[in-house]
Amino acid sequence: MQFEHTTVLLHEAVDALFGAVETRPAGTPLRWVDATFGRGGHSRAILARMGAADELIVFDKDPQAIACAQAMGDARMQIRHEGFAHLAQLPEASVDGVLLDLGVSSPQLDDASRGFSFRMDGPLDMRMDSTRGQTAAQWLAHAEQGEIAEVIREYGEERYAGRIAAAIVARRQERGAIARTAELAALVAGAVKSREPGQNPATRTFQALRIFINAELEELRQALEAALRVLRPGGRLVVISFHSLEDRIVKRFIDAHAREPGYDRRVPIVSAQVQAMPLVAVARIRPSAQEVAANPRARSAIMRVAQRTEAVWSCV
């Protein structure tokens, strides 16, 4: 079965990625990274603007996404069945732009067999890479109540995390472990006594379990550090986030590397160490009203753009 995916901020992301390459000498081969291939929306747009000698490296954990990339058959594309933390394997200062489109894709949400959605019944899986690692059902079958509550509270920002965790453990003791998405969604709905307008009560719990099972935030931190190392001076980092936990990490990372470093005022100025500011924040972009109307899943997206720089701050 084929599942459609509408790429969020397609033109804005690719325009931002290519925004600094005019500084490269004419004829210089360029190297790009789409670290979250998905169904290839951004990659196709990047390939359309690439030269014959340019290269696009794509990463994805999802076997279905990798199959989609392979079916494209473009010799300029290098395909890696890995998470984007593996950016660290690329040579230092070897890439002109890195794109990260975070979160879960529409085909993953719409395929009940993947277990990401509370809207359809399916096995409680939630793995981005369905070939390895434990499923959400397997983890919930043995995790302690306190551990479950902590995950739901930290990664879902769910104020009823304690009640939900207690209900999961009680259900496990009475009738066995939860195996289906519909079972979990119904259990959460019974434990959450008040609901946010327009939001399913299971939204935060499903988000939390997905993030935890796939170690998404830890991998994001690793990928940002790796991107900074592999970008050439003038190269762009473009990150699209879909919830506050992701965006907070991205914002803090850019701010931390774009801020003028301090120095010890007790040290003589002539001996103060020269330090580099490796990034400059370029833009923060939200989808237009027209895009949100056409694709409601775009409504929470935030795109941040930063550029690698060799600008140096010094107190000498």
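This is a predicted model: local features need pLDDT of at least 70, side-chain atom pairs count only at pLDDT 80 or more; totals for chains, interfaces and linings use all residues.
Residues are numbered from 1 along each chain as its sequence is written, and side-chain values use heavy atoms, with hydrogens and water left out.

**View 1. A patch of negative charge on the surface.** Here you can find Glu-144, Glu-147, Glu-150, Glu-154 and Glu-218 gathered together. Asp and Glu count as negative and Lys and Arg as positive, with His and the chain ends not counted. To belong to a patch, a residue needs over 30% relative accessible area and no salt bridge, and like charges are joined within 9 Å. The place of each charge is taken as CD for Glu, CG for Asp, NZ for Lys and CZ for Arg. Accessible areas come from the Shrake-Rupley method with a 1.4 Å probe, and for residues only the protein chains shown count as cover. Helix 6 (residues 145-156) gives the most to this patch, with three residues. Helices (H or I, at least four residues) and strands (E, at least two) are DSSP runs, numbered from the N terminus. Glu-218 sits in helix 10 (residues 216-230).

**View 2. The salt bridge between Asp-121 and Arg-180.** Side chains of opposite charge can pair when their charged atoms come close. A salt bridge is a side-chain nitrogen of Lys or Arg within 4 Å of a carboxyl oxygen of Asp or Glu, and the count by this rule comes to 15. In this one, the closest N and O atoms of Asp-121 and Arg-180 are 3.3 Å apart. Asp-121 is in the loop between helix 4 (106-110) and helix 5 (136-140), and Arg-180 is in the loop between helix 7 (161-175) and helix 8 (181-191), so the pair ties together parts that are 59 residues apart in sequence. Asp-121 is partly exposed at 42% relative accessibility, and Arg-180 is partly exposed at 33%.

**View 3. Two further salt bridges, Arg-171 with Glu-183 and Arg-76 with Asp-74.** For Arg-171 and Glu-183, the closest N and O atoms are 2.2 Å apart. Arg-171 belongs to helix 7 and Glu-183 to helix 8, so this pair links parts that are 12 residues apart in sequence. Arg-171 is buried, at 9% relative accessible area, whereas Glu-183 is partly exposed, at 28%. Arg-76 and Asp-74 meet at 3.0 Å, N to O, and Asp-74 is partly exposed at 22%.

**View 4. Phe-84 and Ile-211.** Phe-84 is placed in the loop between strand 3 (77-80) and strand 4 (95-101), and its relative accessibility of 11% makes it buried. An unreviewed UniProt entry lists Phe-84 under "binding site", along with Gly-40, Gly-41, His-42, Asp-60, Asp-101 and Gln-108; such annotations may be inferred rather than shown by experiment, and the positions follow the numbering used here, with feature names shortened. Ile-211, in helix 9 (residues 203-213), is buried at 0%.

**View 5. Positive phi at Leu-9 and Ala-93.** Leu-9 is a residue other than glycine, and its phi is near 50 degrees. Leu-9 lies in the segment before helix 1 (10-17) and is buried, at 0% relative accessible area. Ala-93 also has phi near 50 degrees; Ala-93 is in the loop between strand 3 and strand 4 and is partly exposed, at 37%.

How values were computed: Patches are made of residues with over 30% relative accessible area and no salt bridge: like charges are joined within 9 Å, nonpolar side chains (Val, Leu, Ile, Met, Phe, Trp, Tyr) within 5 Å. Buried means under 20% relative accessible area, exposed over 50%, partly exposed in between (1.4 Å probe, protein chains only).
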